[in-house]
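Subject: Structure handover and findings

Dear colleague,

Here is the structure for your files. Please open it next to this note. My findings follow below.

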Amino acid sequence: MRKDTIKNVIKIVKCLESEGGWTWIRQIARKTGLHHKTVSRLIDNHLNMFFETQGMEPFKLRMVKLKPNTDINGILRYLSVKEKIDNVTKK
């Protein structure tokens, strides 16, 4: 995993920790300075199991929040193990 990806994941998680509740993808993007598509992609690819998502149906809005008892250290441990597994399967 690239360094900038890890930094962006940390930004997203810290933003959601400070919010404490449901937040829109675009709101996270504004607060972190990232593009909204980047935020959405990182959540879908790397953080999906740590987040609760809720769609607002006639619109294409998605609200997210951290699951209870989720912390940044647990997420970083998961990402490091996932990266090691991905490296082994690529060979």
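Which residue forms a salt bridge with Arg2, and how far apart are the closest N and O atoms? The partner is Asp4, and the closest N and O atoms are 2.7 Å apart. A salt bridge here is a side-chain nitrogen of Lys or Arg within 4 Å of a carboxyl oxygen of Asp or Glu.

Before the rest, the ground rules. This is a predicted model, in which local features need pLDDT of at least 70 and side-chain atom pairs count only at pLDDT 80 or more, while totals for chains, interfaces and linings use all residues. Residues are numbered from 1 along each chain as its sequence is written, and side-chain values use heavy atoms, with hydrogens and water left out.

Salt bridges

The count comes to three salt bridges. Take the Arg2 and Asp4 pair again. Arg2 counts as exposed, at 58% relative accessibility. Asp4 counts as partly exposed, at 33%. The cut-offs are these: buried means under 20% relative accessible area, exposed over 50%, and partly exposed in between (1.4 Å probe, protein chains only).

Another bridge joins Glu19 and Lys31, with the closest N and O atoms 2.0 Å apart. This pair links distant parts of the chain: Glu19 is in helix 1 (residues 3-19), Lys31 is in helix 2 (residues 25-32), and they are 12 residues apart. Helices (H or I, at least four residues) and strands (E, at least two) are DSSP runs, numbered from the N terminus. Glu19 is partly exposed at 33% relative accessibility. Lys31 is partly exposed too, with a relative accessible area of 46%.

There is also a bridge between the side chains of Arg62 and Asp44, at 3.0 Å from N to O. Arg62 lies in strand 3 (residues 61-66) and Asp44 in helix 3 (residues 36-46), so the pair ties together parts that are 18 residues apart in sequence. Arg62 is partly exposed, with a relative accessible area of 26%. Asp44 is partly exposed at 37% relative accessibility.

Overall fold

The protein chain has four helices and three strands. From the N terminus on, the order is α-β-α-α-β-β-α. The C-alpha trace spans about 45 × 25 × 25 Å along its principal axes. The radius of gyration is 13 Å, which agrees with the value near 12 Å that a compact globule of 91 residues would have. That radius is taken over C-alpha atoms, and the globule rule is 2.2 Å times the number of residues to the power 0.38.

Of the 91 residues, 31% count as buried. Contact means heavy atoms within 4.5 Å. Among contacts with a separation of 6 or more, 54% come from residues 24 or more positions apart.

Core

Which residues touch the most other members of the largest nonpolar core? They are Ile12, Val39, Leu47 and Phe51, in a core of 20 residues. Helix 1, helix 2, helix 3, strand 3 and helix 4 (72-90) each give two or more residues to this core. The largest share, five residues, comes from helix 1. A nonpolar core is a set of buried Ala, Val, Leu, Ile, Met, Phe, Trp, Tyr and Cys residues joined through side-chain atoms within 4.5 Å.

Not counting residues up to four places away in sequence, Ile12 touches Ile28, Thr32, Leu34, Val39, Leu42, Ile43, Leu47 and Phe51. Thr5 is in helix 1. Thr5 is buried, with a relative accessible area of 15%. Neighbours within four places aside, Thr5 is in contact with Leu42 and His46.

Surface

The protein chain exposes about 6400 Å², and carbon and sulfur atoms supply 52% of it. Accessible areas come from the Shrake-Rupley method with a 1.4 Å probe; for residues, only the protein chains shown count as cover.

Trp24, Met56, Phe59 and Leu61 make a nonpolar surface patch of about 420 Å². Patches are made of residues with over 30% relative accessible area and no salt bridge; like charges are joined within 9 Å, nonpolar side chains (Val, Leu, Ile, Met, Phe, Trp, Tyr) within 5 Å. Trp24 lies in strand 1 (residues 23-24). Trp24 is partly exposed at 43% relative accessibility.

His36 and Trp24 are 9.7 Å apart, C-alpha to C-alpha. His36 lies in helix 3. His36 is partly exposed, with a relative accessible area of 23%.

Best regards
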